[in-house]
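Please look over the structure below. A briefing on its loops, fold, sheet, contact and core follows.

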Amino acid sequence: MEILSYGKINSTNLKAKELAKKGSKPWTIVLAKEQSSGYGKSKKIWSSPAGGLYFSVILPKSNIEDLQTLTILAAFIIAKVIKENFKLEPLIKLPNDVLLEGKKICGILTENVVGKDVKFSVMGIGLNTNVEKIAPELKNIATSIKMEIGKKVDNEKILKQIIGELKHQLKTISD
Amino acid sequence: MKTKIKISKKSYDIDISEDKDGLIKVKIDDEEFIFSENEAGELIQCDREKIEAGKERIVNFCPVLIEKEIKSPIAGVISEIFVKEGDRINIGQKLLTIIAMKMENELVSENCGRIKKIRIKKDQFINAGDILIILE
C-alpha cells in the first residue's frame with residue numbers, strides 16, 4: 001500500500017484518477033490535509049477544511065456487475081469503524097453518505113472508467129474527523145467526530161482501519 | 001530518449017520520443033512504431049502510413065470497425081454526453097457519464113469511427129445492454 005500525502009490539493013479523486021490513467025497500482029492512496037476543490041456526485045462541492053480525513057484509493061479492477069456494491073461496502077465499513085472506535089451510532093444514508101445525529105459526517109464518491117469491462121476505479125472518501133468548525137451554510141447538515149465526542153481522533157489510524165477493511169471485503173467479493 | 005537493448009546476441013538501438021501531437025514514436029533500429037495513449041492510459045499502436053496519408057488522424061488510428069453499436073455496460077442515468085453525431089471517435093475516448101448508485105461511470109469507447117446516431121439524451125435512464133451510440 002503506497003500512501004501519497006499532500007498538504008493541500010485540489011481533489012484527491014482528481015489526482016488518483018490521473019495516477020490510475022498513468023498506470024499506478026491498485027491500493028495507491030492519495031491523502032490530503034485539505035482539498036481546495038473537493039467534490040461529490042455531479043461535482044457538488046465537498047467542504048474539506050483542515051482536520052478532516054480526505055483520501056482516494058485506486059481500487060483493484062472489479063467485475064462490472066460488482067461495481068454497484070463498492071460504495072455501499074465502503075459506507076458500511078466507515079460506519080463500522082466509527083461505531084467501534086468512538087461508540088457512536090452512525091446511520092448510513094444509502095448508498096454513499098454516513099450520518100451522525102442526522103448530520104452528514106462522511107461522503108463517498110466512486111468514479112469508474114468503463115468500456116466493456118472496468119478500466120479502473122477510484123474511490124474518494126471525505127470523513128469529517130477533526131474538523132472543528134463547520135461552514136455556516138452547512139451547520140445544520142454536517143458535523144464531525146471531534147464535535148460529537150469532544151476530542152481529537154487519530155486520522156492515520158482511521159485511514160488504516162478503513163483500508164484494511166476494504167481490502168478484506170473486496171477480497172471476499174472477488175473470491 | 002535513446003538506449004540500446006541486447007536480446008540474445010543481437011543489439012538494438014531504441015529511440016523513444018513524443019511529437020507535438022502527443023504521439024509516442026518508438027524507433028527500433030530503422031523501423032518506427034507509433035503509439036497513442038487512450039483515456040484509460042493504454043498505449044494503442046497506430047498505423048504510420050495511414051496517419052501520413054490523411055489529415056484526419058483519429059479515424060486512421062482504427063484498424064477495423066469491429067462493432068457498430070456501443071452498448072451500456074451498466075444501468076443508470078446519463079449525466080453528461082461528451083460527443084455528438086458526426087464526431088469521429090477513437091479507442092479509449094471519453095463518450096459519456098452514467099450515474100449509477102451515486103457512482104460516476106465514465107464510458108470510454110472500445111472502438112473507433114464516426115458517430116452516426118446518438119440514441120440517448122441527458123438525464124435518460126438506461127439499462128445494461130441498451131444501445132447508446134451507433135457508429136459508421
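A:W27 lies in the loop between helix 1 (12-21) and strand 2 (28-35) of chain A; helices (H or I, at least four residues) and strands (E, at least two) are DSSP runs, numbered from the N terminus. Its phi is near 75 degrees, a positive value in a residue other than glycine. A:W27 counts as partly exposed because it has 16 C-beta neighbours inside 10 Å; a residue is buried if 20 or more other C-beta atoms lie within 10 Å of its own, exposed if 12 or fewer, and partly exposed in between, with C-beta atoms placed from the backbone.

The model is predicted: local features need pLDDT of at least 70 and side-chain atom pairs count only at pLDDT 80 or more, while totals for chains, interfaces and linings use all residues. Residues are numbered from 1 along each chain as its sequence is written, and chains are lettered from A and ligands numbered from 1 in the order in which they are written.

**Other loop residues**
- B:K102 is in the loop between strand 9 (94-100) and strand 10 of chain B.
- Phi of B:K102 is also positive, near 60 degrees, in a residue other than glycine.
- B:K102 has 20 C-beta neighbours inside 10 Å and therefore counts as buried.
- A:P95 sits in the loop between strand 4 and strand 5 (97-100) of chain A, and the peptide bond joining A:L94 and A:P95 is cis, with omega about 0 degrees.

**Around A:I92**
- A:I92 belongs to strand 4 (residues 91-93) of chain A and counts as partly exposed because 16 C-beta neighbours lie inside 10 Å.
- Leaving aside neighbours within four places in sequence, A:I92 is in contact with A:A75, A:F76, A:A79 and A:V98; contact means that the C-beta atoms of two residues, placed from the backbone, lie within 7 Å.
- The C-alpha atoms of A:I92 and A:K104 are separated by 9.6 Å, the two residues being twelve apart along the chain.

**Fold of chain A**
- Chain A has four helices and seven strands, in the sequence pattern β-α-β-β-α-β-β-β-β-α-α.
- The radius of gyration of chain A is 15 Å, close to the 16 Å that the globule rule gives for 175 residues, so chain A is as compact as a globular protein of that length; the radius is taken over C-alpha atoms, and the rule is 2.2 Å times the number of residues to the power 0.38.
- Buried residues make up 43% of the 175 residues in chain A.

**Core**
- The largest nonpolar core has 59 residues, of which A:I58, A:A74, A:I78, A:M123, A:I125 and A:I162 touch the most other members; such a core is a set of buried Ala, Val, Leu, Ile, Met, Phe, Trp, Tyr and Cys residues joined through C-beta atoms within 7 Å.
- Helix 2 of chain A gives the most to this core, with ten residues.

**Contact between chains A and B**
- The contact takes 20 residues from chain A and 17 residues from chain B.
- Strand 6 of chain A gives the most to the chain A side, with five residues.
- Four bridges join strand 6 of chain A to strand 10 (residues 103-108) of chain B, and these strands run parallel.
- A:V114 has B:L107 as its bridge partner in strand 10 of chain B.

**Sheet in chain B**
- An open sheet of four strands in chain B has the order 6-13-11-8, with antiparallel pairing; strands pair if DSSP finds at least two bridges between them.
- Strand 6 (69-71) and strand 8 (88-89) of chain B are the edge strands, each pairing on one side only.
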